[in-house]
Amino acid sequence: MLKISLDKLDKLFEAISASQTLYIPVDREDGAAEYKKYESGMKLSSALNTLRSAKDFFFPQTENLVDFKMEGKNIEVIDVREESEDFVIFGVRACDARSFTILDKVFLAEPVDSYYKNRRDHGTVVTMACARPAETCFCGTFGIDAAAPEGDAACYSDGESLFIEAHNEKGQKFIDSISSLLEEGDTAKLEAVRAKTREILKKLPLAHLTTDNFGGDKLNEYFNSDKWGELSESCLGCGTCTFVCPTCQCYDIKDFNTGHGIKRYRCWDSCMYSDFTKMAHGNPRLTQLERFRQRFMHKLVYFPANNNGEFGCVGCGRCLSKCPISMNIVKVMKALEVK
Amino acid sequence: MQEAMINRAKQLLADGAVNRVIGWKRGEFAYDITPAVFETAEELEKEFVYDDFTAANVSKYLVKESKKEGKILAFLKPCDTYSFNQLTKEHRVVRENVYIVGIPGGPKLDAEKIKAKGITGILGVKNENYTLKIDTVYGEEIMPFYEAILDKCATCKSKKHVVYDELMGEEGDVLDSNRFDMVEKLENMTAQERFDFWRDQLSKCIRCNACRNVCPACTCEKCVFDNPNSGVENKAPADSFEENMFHIIRAFHVAGRCTDCGECSRVCPQNIPLHLLNRKFIKDINSLYGEYQAGEDTTSRAPLNDYKQDDCEASIVHERGVE
Amino acid sequence: MQRIGVFVCHCGTNIAATVDVKSVAEALGHEPGVVISQDYQYMCSESGQNLVKNAIKEHNLTGVVVCSCSPRMHENTFRKAAAAAGLNPYLVEIANIREQCSWIHKDIASATEKAIILGKAAVAKVHLNAPLTAGESPVAKRALVIGGGIAGIQTALDIAEAGFEVDIVEKNPTIGGKMAQIDKTFPTLDCAACILTPKMVEASQNEKITIHSFSEVTDVKGFVGNFTVTIKKKARFVDETKCTGCGLCTEKCPMKKVPNEFNMGLDNRTAIYIPFAQAVPKVATIDPNFCMMMKTGKCGVCSKVCSVGAIDYKQEDRFIEQKYGAIVVATGFNPIKLDKYDEFAYNQCPDVVTSLELERLMNAAGPNGGTLLRPSDKTHPHKIVFVQCVGSRCDDSKGKPYCSKICCMYTAKHAMLIREKYPDTEVYVFYIDVRTPGKNFDEFYRRAVEQYNVHYIKGMVGKVTPRSDGKIDVQASDLLANEQLHIDADMVVLAAAIEPDKTARPLATMLTTQMDTNDFFTEAHPKLRPVESATAGIFLSGACQGPKDIPETVAQASAAAAKAIGLLVKDSITCNPCVAHSDELMCNGCSSCEKVCPYGAITYIDKEFKMPDRTIAVRRVASVNPAVCQGCGACTVACPSGAMDLNGFSNNQIMAEVDAICK
Amino acid sequence: MQVNENKEFQPLIVAFCCNWCSYAGADLSGTNRLNYPSNVKIIRVPCSCRVNPMFILRAFQRGADGVILCGCHPGDCHYTSGNYFTRRRMTLLFSMLDFLGIERDRTRVEWVSAAEGAKFAATMNEFTEAVKKLGPNRRLEDLRCRKQ
């Protein structure tokens, strides 16, 4: 496998950013990591994962769709779409890498979402294997190997060097673009690191959580479960879980009157919000119980039902640590489970 | 404490004095605690928890719970009692339907602070004489208790319960806290520095509304920011203006009503120090209109619903501090 | 879809000279929703109004924007025109392109541009205007007059004359007020009692008038046409219904050393007393601070001598509640306290008196039976110095900034009366200016100077020093002669400034009426609505509104009565429809709005709702009484949820204006 | 914001005026032909206490460079107490804007009576100058609303 010494990471980033925009996770002042556009001198974060997921790169929180220019009584429609620039997201974890596959199923299925596709086509996802998973991690539940992430290309560290391998053509192209910096390396030590990571993964408190009792066919078992009341009663109805979630893909389309025109934009929506999917006739989910149920049924039942058994969760654990009242998908799964 | 609380709760349930108990439930990890309502002694035995991580202020839940059938037992920490009083004053809770047991408060722990030390894979946390022994998948870690306490506890304003039906443990005092230090520090910066500070902070906002939804003062039937007819509704910070707008108005709407319970900052997933905005209002109110602590009582007039003929003019803003 | 008509007025050249009205009409014609945009020479003229009316009918307009002068000028005109054409009058908005545009800008280009923007803002607002209907509220056919001096009496008599019930609330045991204490009136020199007491009797005998003497207003709720007032009838320990006013008790009362307030403390009265012989009601009152029976439980003489058994030592304050359609404030005035004027030795020397004290000293019913004697040694004074403007027209905090208005005239009166009765007495008057506007006033003053040889000296008294020989040394400056004077006077009379009665301020708060910084009630308009307060249904009578002499007071009293009658004759009144309203579904019931409402227009009701989550809940929600609300909008900002909004100035309307202006 | 032919920055000033005092004061300054810049655009409100902080922010969002609020002098409010509430609200709001680093001279409260036409004009002249000195509002604008 090709590798580069960890102390030459700067050089690697400089080389990538010379040809296209590079995003890497960096540490913020408050200790949390977030993706930043690479600039010389930036240090790759050692945090397990970024506070916000990487979905913004393809599905940003707000996005302009179309403009209407108004003058007096005349309206002109302006297409604001532009070809995206090429960019690389470096250091994506296995869970987030899988989230793109899930988002693809939504946005690249017919009818294709051209805004999403535009970015997806131009973005290269370079993943990074995990070495120190946290107690909140449960990617294994969804068949994700944190030690062997997906993505266009993947990186592994053995503590001395960074190993890079391509998973597809895009990944190969990426490696080719930096090949001058890379050299062939011995992966023996890497395998040991991987094995150690997998050992730890097995010891994590949520290692035994499985999806065995969930899936597209479980609608009737769970929809009317009497557990929903108890589970949802503490829910504040905020959107934290949905906004830190790498797979939540619901959005709302709104018009903003700028005074001289209308900007039609979309923004993330949250099924936890009281006006989620509010329609002309009213709101289909009037209680927090229904909205709460929607989120988890969607991830554990509806999504697999429509996507060949793929679940709408990647076990990144963000919602576990960020929910203000610590209610989360793990607690829901454990409470609901009909064996 | 936890044991005593469970026993008292069981007793009150058995007596029929209350039919429900609001408290906290243990989760997957040492630190993930969920507010919960208990109806039976068995549930209490099994899941009720009160420890260093039970920081959540449960008073807001009483808006709904106190309107249900029967009386509910609420264990309230000192800071929670202020919130409860404020809610009583605004007719948002039915006081008669709540049996309040005042319990000693924090300092409570902040899991984020532990994690920020690089400690991960946490399996258990023990407080041994104010040293935290943290069991992790990577081995045992140690850190001083006080380095892991919540910011809101570090600037605690009062250990006194302002409302209760009975007290457990000893009653504390209103503290001489240093809670305005950071506000003051910002006030002494230049306008440009303040602008940069807040731009940096507020640009992190993802508009998840956690700060608002957790806030015991934000109990509007429908928030203006959720109401399409209000003219200011929005779901995402589409522009830096909207980030400012949301947080200015959020703080303004609770000005004179915010008890400074600190929940907004505690729950912010982006670690924005939102409480500084609230505290700025509190500090201004105290210095311009006289000391006022929201929630201290249920009868006083909120500073913004009150006036004195010789109040200072708005131009005072132009005359003081740093431009 | 809105169909808006825009009408741009030239106002002759007032607007058209600096604003290109044609371009304004043209530009606004392109605004969304505008179907017709015209300009015209005088939009407020009949033909201009017809233009608007015809356009409303012809184009089936849903809104009208008039770009013209200030809405304060012609908003009503155009609203009426719209109503006449069948359009709700509240669908009219005015863009002020005269006072706030053409008259202040000189550059045509920028004035025109601004006029267009103001027009656009009005168009944006009118898009969101809703038709409003003014509600009606019934009028209680009874008036309350607060204060039983000459102002209150006159107002009550006039209202009663028109056939309405009227109550007088007087805080003292008798009506009559200051005028009852005055000896003679200027400029006619007739006896005050002779003209006042018949009116007092008339008031007491008029079956439409109820006098609540020794009473106070303690609470006022409600609004124009519908006030609910709580009146405290203070315990006088004498049953008013039984007491015949025979006065036997006052003769027999052993406690005879009570300072007599009617005579300004210059003599004494008994603990049970009737203020003066012509008091109305002529009923005794026990002063519990001095009554031996009440203080020690030993005495009871009055009770024993009272043949009708009217004495009731256990009487308590009583509260009555009454509904009124109109309230007239006639709380009057008092001379200011002179404690701070050490230079005039008022507190040191009994022979330095105020003018009102002099009135009593000269009055036949006064302490000396009408013979002017020095209070100190009861000798006849031969030299009297009058000092004008004591506390009036004063820059410092001791006094009042205003002219007390009546002092010049009553001093001339005093001087003249003294010179008439005691020609051997020399009279000096120190003044800053002598102000005598009024019918026969200046003639009166000149008579004092020319006929009665009163020494008028322009200048201020610097210091008054009582001497050991009983004389008073008055040190003063004569500004015209430019010399310092020393006068060894026997008496000094101070023309103390007058100020509103101290009860007026708390009353103003109860009535939600405005006061100026001197605590005089503020009239709704200084010229055009001088007897109305800005609060509908509250009228002002007499010196509570500003210093006045008797003729002015009586004139204003009758004017206030006429205004009150104008209200009381109506069966109902039209309310301003631009009032607040609460969206009950969004209301939290938090009471913030109620706390900032100056009118008490907001109450809370528990109401059952179908909640968005399908549950039925009883919620506490705000309810605005549209007849009470005056439409200030304080509640709309206090309301965090935005449930409270204001008709005619809604959140969305104002924001639309902001947007249009900032576009 | 506008830039005139001389490329001089022309601030946009929104003035909220209460109907009873300040709006009448503005009318009076018109009646007396007292000049003030056309940059000032007046919005009539029944009382200064009708002005919601959201309106002020809204104006800045949409491109205003300064916002001034005028009402009756304290004690003279047509509605007795409205301007007292205004005073507290605006003091706190302005203080918060200052805390956020927004230029403090962009906001002002001024009491102008119906008789103070001259004060109204003078205030508007002075305020417009002060805002002009600050330059365009960049800290509290919404980029989406900026004119191209």
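Buried residues (those with 20 or more other C-beta atoms within 10 Å of their own, C-beta atoms being placed from the backbone) make up 45% of the 339 residues in chain A. This is a predicted model, in which local features need pLDDT of at least 70, side-chain atom pairs count only at pLDDT 80 or more, and totals for chains, interfaces and linings use all residues. Residues are numbered from 1 along each chain as its sequence is written, while chains are lettered from A and ligands numbered from 1 in the order in which they are written.

Staying with chain A, you will find eleven helices and twelve strands; these are DSSP runs numbered from the N terminus, helices being H or I with at least four residues and strands E with at least two. The radius of gyration of chain A, taken over C-alpha atoms, is 21 Å, close to the 20 Å of the globule rule for 339 residues, so chain A is as compact as a globular protein of that length. That rule is 2.2 Å times the number of residues to the power 0.38. Along the principal axes, the C-alpha atoms of chain A fill a box of roughly 65 × 60 × 40 Å. Two residues are in contact if their C-beta atoms, placed from the backbone, lie within 7 Å. Of the contacts in chain A with a separation of 6 or more, 69% are between residues 24 or more positions apart.

| Domain of chain C | Residues |
|---|---|
| domain 1 | 4–127 |
| domain 2 | 142–234 + 317–332 + 505–568 |
| domain 3 | 248–305 |
| domain 4 | 336–499 |
| domain 5 | 580–647 |

The centres of domain 2 and domain 4 of chain C, taken over C-alpha atoms, are 31 Å apart. Their contact takes twelve residues from domain 2 of chain C and 19 residues from domain 4 of chain C.

In chain D, an open sheet holds four strands in the order 4-3-5-6, with parallel pairing; two strands pair if DSSP finds at least two bridges between them. Strand 4 (40–45) and strand 6 (107–111) of chain D stand at the edges with a single partner strand each, so one side of each has no neighbour in the sheet. Six bridges join strand 3 (residues 13–18) of chain D to strand 4 of chain D, and C18(D) stands opposite V45(D) in strand 4 of chain D.

Note on methods:
Domains from an automatic or database assignment. Buried ≥ 20, exposed ≤ 12 C-beta atoms within 10 Å, placed from the backbone.
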